[in-house]
Amino acid sequence: MPKSRSRTPDLGDRTATGAVLEFMSAHRGRVVAARTVADTLGLDRKITATLLSRLAREGRLVKLDRGRYSLTGGPGCSPRADAVRPRRALLSGGEGLWKRAYVGISAEVDRALGPAASERLVKGGPSQGHRERVERLIAALGQELGGRLALDLVQPILESVFGENGRAAAVRLCIPRGGGA
Amino acid sequence: MSKKAAAKVSGIPPDMALDRVPTGVEGLDLMTSGGFPRGTVNLISGPTGSGKSLLGLNFLVHGASKLDEPGIFLTLEETRESLLRAAESFELDLRPLELEGKLTIVDMAHIREHHSPGEDERREVASLAALQEFLSHFLSRTEAKRLVIDSITAAGIYTKDPDELRQELFRLCNFLREMGITTLMITDIVEGKGLTRYDIEQFLADSFIVLELEDVGKGLRRSIIIRKMRYTDHDSERHPFIIRKGGIQVMHEEEIY
């Protein structure tokens with residue numbers, strides 16, 4: 001097995017530093033292995049390790065043992081890096097729950113960005129189900145606000161509707177693998 | 001400074017260096033030879049109640065309604081509803097402009113309030129770096145020509161180290177210039193304590209306007225002074241101004257000593 005796995009990164013218009021900080025922010029309060037960051041964002045492992053090390057020197061991250069990092073450090077951090085490896089969180093729920101999520105997020109967008117931006121973001125095909133609408137809206141929010149802010153807006157709502165799975169799904173939707181936020 | 005030299009320093013293309021962005025504030029545009037140079041970062045400072053936010057609204061409403069220049073009002077402390085109510089009290093109806101997409105009020109205060117359970121997380125949402133990251137996404141997807149940030153004080157408060165704050169603010173100002181958007185950045189001051197909150201904002205902005213409130217016994221007297229404006233001549237006298245229906249009016253022919 002090669003030491004350094006990498007695939008073509010898809011960082012959108014972000015720099016690698018921006019993408020890494022965004023990823024770490026999404027996992028604030030937890031410990032993340034440098035390898036996980038690299039593999040998730042599709043970056044070279046050695047380059048990622050150097051980047052993380054620099055960010056730690058600048059005080060923007062906390063360096064822990066065995067190539068692991070945290071945004072905040074402290075006792076609340078999970079000791080298991082695997083715990084934050086992104087998983088495709090499956091949200092189970094009927095149309096009613098998805099509708100609740102959609103209505104909640106739309107209302108937040110309306111309040112945060114106003115009617116015109118809201119209209120631009122929430123438009124979708126009339127035949128779309130609420131799940132598809134939610135996913136589409138979150139993707140559009142990620143584009144408009146950046147993954148981190150979109151996550152701040154969306155995560156509490158998905159969590160309130162779907163519980164802990166909703167929280168994880170918000171990370172997956174706002175900061176997808178490959179970093180295309 | 002020559003037009004070419006000004007352009008080199010500012011990063012503004014030479015042909016745009018003297019392109020003006022009028023504020024629409026009666027009297028103020030006369031003090032600045034026609035408005036802010038396009039693509040510059042302009043700092044407005046003043047104590048609470050001095051009219052900073054209103055000046056920002058005047059700037060955006062004038063651009064959106066008279067010059068077809070869409071604008072963004074980024075509020076970090078006041079909520080959208082509070083801002084709309086305040087604007088209405090001055091007979092500035094922002095809702096039609098919002099519906100037409102000519103004005104976008106981004107309520108960062110709501111996002112922060114909605115999310116923030118702890119200081120660390122608030123910092124993530126509201127810091128200057130987070131603000132720049134948000135703007136890099138948002139501005140690329142809008143046609144906005146004007147931006148008001150109300151206030152930079154609210155974003156800077158989470159950066160404790162003065163050197164770091166200066167660097168972040170420097171990066172933000174440069175980013176805004178690169179985006180070519182004409183920005184009005186608001187900073188609060190505590191009366192009697194300096195000209196700006198952090199005492200560094202004025203060095204990084206292209207222009208620096210101070211709104212003052214003076215207790216003259218029977219009430220408060222408002223005045224405005226341009227302390228700095230790069231690339232252009234400007235009036236450097238202190239002039240009184242009033243707040244009336246429709247916004248701010250500067251009495252540019254009157255002086256205060």
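**View 1. A:Val62 stands opposite A:Ser70 in β3(A).** The model is predicted: local features need pLDDT of at least 70, side-chain atom pairs count only at pLDDT 80 or more, and totals for chains, interfaces and linings use all residues. Residues are numbered from 1 along each chain as its sequence is written, while chains are lettered from A and ligands numbered from 1 in the order in which they are written. β2(A) and β3(A) run antiparallel and are joined by two bridges. Strands count as paired if DSSP finds at least two bridges between them. The open sheet has three strands in the order β1-β3-β2 (chain A), with antiparallel pairing. β1 and β2 (62-63) of chain A are the edge strands, each pairing on one side only. Helices (H or I, at least four residues) and strands (E, at least two) are DSSP runs, numbered from the N terminus.

**View 2. Helix α2 of chain A lies across β1 and β3 of chain A.** α2(A) runs at about 70 degrees to β1(A). Axes are lines fitted to C-alpha atoms, for helices over the stretch in contact; angles run from 0 to 180 degrees between N-to-C directions. Why is α2 (residues 34-41) of chain A largely enclosed by the rest of the structure? Six of its eight residues are buried. They are A:Ala34, A:Thr36, A:Val37, A:Ala38, A:Thr40 and A:Leu41. A residue is buried if 20 or more other C-beta atoms lie within 10 Å of its own, exposed if 12 or fewer, and partly exposed in between, with C-beta atoms placed from the backbone. The cover over these buried residues includes α1, β1 (31-33), α3 (45-57) and β3 (68-70) of chain A. A:Gly42 follows α2(A) and has a positive phi, near 75 degrees.

**View 3. Chain A meets chain B.** Contacts link 21 residues of chain A with 22 residues of chain B. Two residues are in contact if their C-beta atoms, placed from the backbone, lie within 7 Å. On the side of chain A that touches chain B, α1 (16-26), α4 (95-122), α5 (130-145) and α6 (147-162) of chain A each supply at least two residues. α4(A) gives the largest share, eight residues. By class, this side of chain A has nine nonpolar, six polar and six charged residues. Here Ala, Val, Leu, Ile, Met, Phe, Trp, Tyr, Cys and Pro count as nonpolar, Asp, Glu, Lys and Arg as charged, and the others, Gly among them, as polar.

**View 4. The largest nonpolar core has 106 residues.** Such a core is a set of buried Ala, Val, Leu, Ile, Met, Phe, Trp, Tyr and Cys residues joined through C-beta atoms within 7 Å. Residues with the most contacts inside this core include A:Val20, A:Leu141, B:Leu74 and B:Val148. Domain 1 (16-84) and domain 2 (95-174) of chain A each give the core at least three residues. Domain bounds come from an automatic or database domain assignment. Beyond four places in sequence, B:Leu74 touches B:Val106, B:Met108, B:Leu147, B:Val148, B:Ile149 and B:Asp150.

**View 5. B:Val41 is found in strand β3 (residues 41-46) of chain B.** B:Val41 is buried, with 26 other C-beta atoms within 10 Å. Not counting residues up to four places away in sequence, B:Val41 touches B:Cys173, B:Leu176, B:Arg177, B:Thr183, B:Met185, B:Ala205 and B:Asp206. The C-alpha atoms of B:Val41 and B:Thr79 are separated by 24 Å.
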